[in-house]
Amino acid sequence: MDGPVSVTQCTIPPGGSFVYDFNIDQAGTYWYHSHDSGQYPDGLRGALIVKDPDSPYKDQYDEELVLTLSDWYHDQMPPLISRFMSYANPTGAEPVPKSALMNETQNLDIKVEPGKTYMFRIINIGAFAAQYLWFEGHTMKIVEVDGIYTEAAEADMIYLTAAQRYSVLVTTKDDASSNFAIVGSMDQDLFDVIPSELNPNVTGWLVYSDSAPRPTPAFVEEFEPFDDFTLVPHDKLPLFANPDYSIKLDVKMDNLGDGANYAWFNNVTYVRPKVNTLYTALTSGKLATNPAIYGEHTNPFVLERDQIVEIVLNNMDPGKHPFHLHGHAFQTVFRSEEEAGHYAYNETFPEYPMRRDTVMVRPNGNMVLRFKADNPGIWLFHCHIEWHVASGLVATLIERPLDLQHTLSLAGSPYASPNSSALAIPNSHIEACAKQDISIAGNAAGNQENLLDLQGQNEPPAPLPEGFTAKGVVALAFSIVAALLGMGVIAWYGNLDRKDTK
């Protein structure tokens, strides 16, 4: 498990405590963050670095440094989400950040010494904006992405979507008389409207000398980042050929009857189930392999042991989307250019595909991902733009649920695993649900007797009336607002004292 609410746990109630007990068996650059109600952009986030004594690059650098990139809003997320998921925003325009940050600040100084090599662990912990990043006067050597070592690749500029991580080696100059700018620049292609006052850039400096000036970054004519698709994993894991199970996901944005704009996989927008999906898997016996019990609005897919799973993603939206898979690093076997439309099933794949856990699909493009189902669990696949999680761009992968029943146990309940060596789910998990009157058994609707009966499941808003479009909703909304303003003016004028009108 890894924490998404209604997937593997209940929310931690105010004043509550919660225990995460896990073994670390993978090294690399990661981060932790809340996975509930858009909380992490308000600050509930941070780097999580797992050191590797056997790293293939351990002898090639002198020091490690962590560098986070993020976007920042001046309002907190609850009111921002409320305005975003509203009939007043029928086109689904995402709130534009007020600024970009580097290590949660601006004008960052990173002191360096001449003639040394530093490994920068770079993490985009933002809610929305991807960022271009470069070190003026220095070349980066990419050695890791998302916890996967790569063959070393030189880059002058990299592009990090929300949730992506890079480790790069940077060798400093022998001359310590000058300082050099580190520049992060938000990808403004993501923004529907660019405010005139927005500064999309954040600047830090490699500080060789405190007495030397911090230079203003040079103007960049065009962004030309390194193409991560060309990376080769250091272990040269061959292409997963001949997938056993292919999942096709078509992405679109559309409105529902409440006038708000929602995100969809295969015409389904994600709605949280009443019972955590993990607990449904643990309490449903042999029916755990039936995707129907996990609800009509969770986009559930059940994976079998050691299947080679393929995800074919068709982006039917004119925006970029960074898709993230929990529980696995996938092979990115194909990614189209912009405006390519649906995947054509006639492409040539690389021999050793790049692996990572977050990758961007281009506007109106497509991509193909593959991984091996060798990690039992309940894993989300979702866009890591936090606004699109809020609007439903989420699917649920239920991996080897019968194995889960033998390895995890709701100890002390009627659903305790018969396997005496099963790992007991901590009491704090059960208590968190109990304090909020949330059941730990049954299907997505909370039904425990007939698991195929989904009456009472959480539902999205009703569809728009036939014939309505986003433009129609906008026109209707503005007409209503105009009418209310007009009525208000008439009422105000009518209440004026006659003397005031002379």
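## Second largest pocket

The lining of the second largest pocket divides into 14 nonpolar, 8 polar and 3 charged residues. This is a predicted model: local features need pLDDT of at least 70, side-chain atom pairs count only at pLDDT 80 or more, and totals for chains, interfaces and linings use all residues. Residues are numbered from 1 along each chain as its sequence is written, and side-chain values use heavy atoms, with hydrogens and water left out.

The lining has 25 residues; Tyr270, Arg272, Val389, Ala390 and Gly392 lie nearest the centre of the pocket. Strand 23 (377-383) and helix 3 (386-390) each give two or more residues to this lining. Helix 3 supplies the largest share, 3 residues. Helices (H or I, at least four residues) and strands (E, at least two) are DSSP runs, numbered from the N terminus.

## Disulfide

The whole structure holds 1 disulfide (a pair of cysteine sulfur atoms within 2.5 Å). Cys10 and Cys433 form it, with sulfur atoms 2.1 Å apart. The pair joins distant parts of the chain, 423 residues apart: Cys10 sits in the segment before strand 1 (28-33), Cys433 in helix 5 (residues 427-434). The link is right-handed, with 100 degrees about the S-S bond.

Are these cysteines buried or exposed? Buried means under 20% relative accessible area, exposed over 50%, partly exposed in between (1.4 Å probe, protein chains only). Cys10 counts as buried at 2% relative accessibility. Cys433 is buried too, at 0%.

## Phe120

Contact means heavy atoms within 4.5 Å. Leaving aside neighbours within four places in sequence, Phe120 is in contact with residues including Leu65, Leu67, Phe135 and Leu206.

Note on methods: On a 1 Å grid over the protein atoms alone, a cavity is a set of points where a 1.4 Å probe fits but cannot get out, and a pocket is an open set with protein on both sides within 12 Å along at least five of seven lines; lining residues have an atom within 4 Å of a point. Ala, Val, Leu, Ile, Met, Phe, Trp, Tyr, Cys and Pro count as nonpolar, Asp, Glu, Lys and Arg as charged, and the others, Gly among them, as polar.
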